Amino acid sequence: MTRRIRLNRWAALVVATGVAAAVFGYLLLIPARGEVLLLLTARQADRIAATSVDLHSAQGWTGMGSIPTRAVPKAPETAEAFTTRVPIGSYDRVRMAGVSMPVAFIVRKDLLNTLLVGISGGRPIPDGAYGGSQAVSLGLNELSGPFNLVDQFGRPFTNADIAGHDVLLAAFHTSCRETCPLVTGLFLQLRKRLPPSVMLVEATVTPSQDTPGVLREYAGRVGASWTLVTGDPVSLASFWTPFHVSLDTSDSHISTIALIDSHGYIRTYFLGAPDVGGTLPVALDAQLDEQGRQLLTSHGNGWGVAQILDALQAVGGLAAPSSAGQGPAADFNLATLDGKRVNLAEYRGRPVLINFWATYCAPCRREMPLIERTAAQHPRLVVLLIDERDSHQSASAFIAELHITSTVLFDGDGKVGDSYGISGLPTTFFIRPDGGIEGRYIGETNAGVLGPHITAIGA
């Protein structure tokens, strides 16, 4: 009897094992699936007729689902068509309304995988499919068209200005008294650490208040040697939409810094207040209200220079070449304050330091005595101090007050500064005797900055 019970138990175990193996084998044949969100957008507000949607991979076409006839908003707004689940893996085409579009789309198991399709004239755009969050952000930027804003000097600021650059873009306005002074303080710290290829841009959320003149005054007062941007309300609202930032005049507006890589992808966001180490320059510290001071002393939301440098390192933004070897310096012909004309070309054969400055620029004022001393210590060095977009009266008073003896040139319309790509003040260029640009420095210089460049150009 005991032997028979044991045999029955063994038989039951064998059967159970077989059943489990069969079930397990069946489950292995069912591919893992990932969740896909299909988004629709258009260059102009549009509609699309009811259609099915399919994805293509090496295994063939996979049905995703269907959408009814519906409206499609203008980019960067999107419409959610549906959410579905498809086998994980790589897909190379998406098909809808009879149009097969190439796409590089990897569906992963534990993520919401986003797929964007652009619509034009009621039909999918043949090259308008974007797979994955980074490509989707790029697609929204492309389909929403170019932006047309202006910087603090009144110059156009468009897509072309950021093309090929890694960009740190911050939302701010000049009268904000909580997070904005901290963001500007963070940018002051970053400017000293970043290569010139990384652009810093602060764009206002209060265009009615922050005119180019107001931005220029703010930059000079706080020492911002980077691009500040404004525009008309409609253009700015459209510009900020992909970043989920709204125009706002309050101190408690959403504080956002976005990292955009050199290909136009929005790579990451930093939200809230940065940690700037508990201190700010006097001009920014004076702008803080009680809530802003609490954010300063409590180290904001805990992210700062280190985290942004890590993010830039991840996208290759810190691997950019130095400013050396920028080609020949653009020639110019400008007048001194007493009317004498000066050409850069007449100094060929001598090392030249060109410093772009303005009377309203606080760091310009601080660094000017150092530049004067440097000029006195290096008799071969030609120093040209180019005053940007000032009045003759203001420039003359500034020069007299600081007892400047170097050559001061007046660039009233800013055209020479534009030809040198000035994004902020002060900016210093170092020119070799052969007329080539050895390097440039954006922001307030010091002896440690000037010394190596002066040596490199043979002064």
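**View 1. Leucine 39 opposite glutamate 80 in a predicted model.** In this predicted model, leucine 39 stands opposite glutamate 80 in strand 6, where strands are DSSP runs (E, at least two residues) numbered from the N terminus. Strand 1, residues 33-42, pairs with strand 6 in the antiparallel sense over eight bridges, two strands being taken to pair if DSSP finds at least two bridges between them.

**View 2. The crossing of helix 4 and helix 9.** The axes of helix 4 (residues 180-191) and helix 9 (residues 305-314) come within 10 Å and cross at roughly 60 degrees; helices are DSSP runs (H or I, at least four residues), and axes are lines fitted to C-alpha atoms over the stretch in contact, with angles running from 0 to 180 degrees between N-to-C directions. Helix 4 is therefore oblique to helix 9, a class left for angles that are not under 35 degrees (roughly parallel), over 145 (roughly antiparallel) or 65 to 115 (roughly perpendicular).

**View 3. Residues at the contact of helix 4 with helix 9.** Leu186, Gln189 and Leu190 in helix 4 meet Val305, Ile308 and Leu309 in helix 9, contact meaning heavy atoms within 4.5 Å.

**Notes.** Residues are numbered from 1 along each chain as its sequence is written, and side-chain values use heavy atoms, without hydrogens and water. Local features need pLDDT of at least 70 and side-chain atom pairs count only at pLDDT 80 or more, whereas totals for chains, interfaces and linings use all residues.
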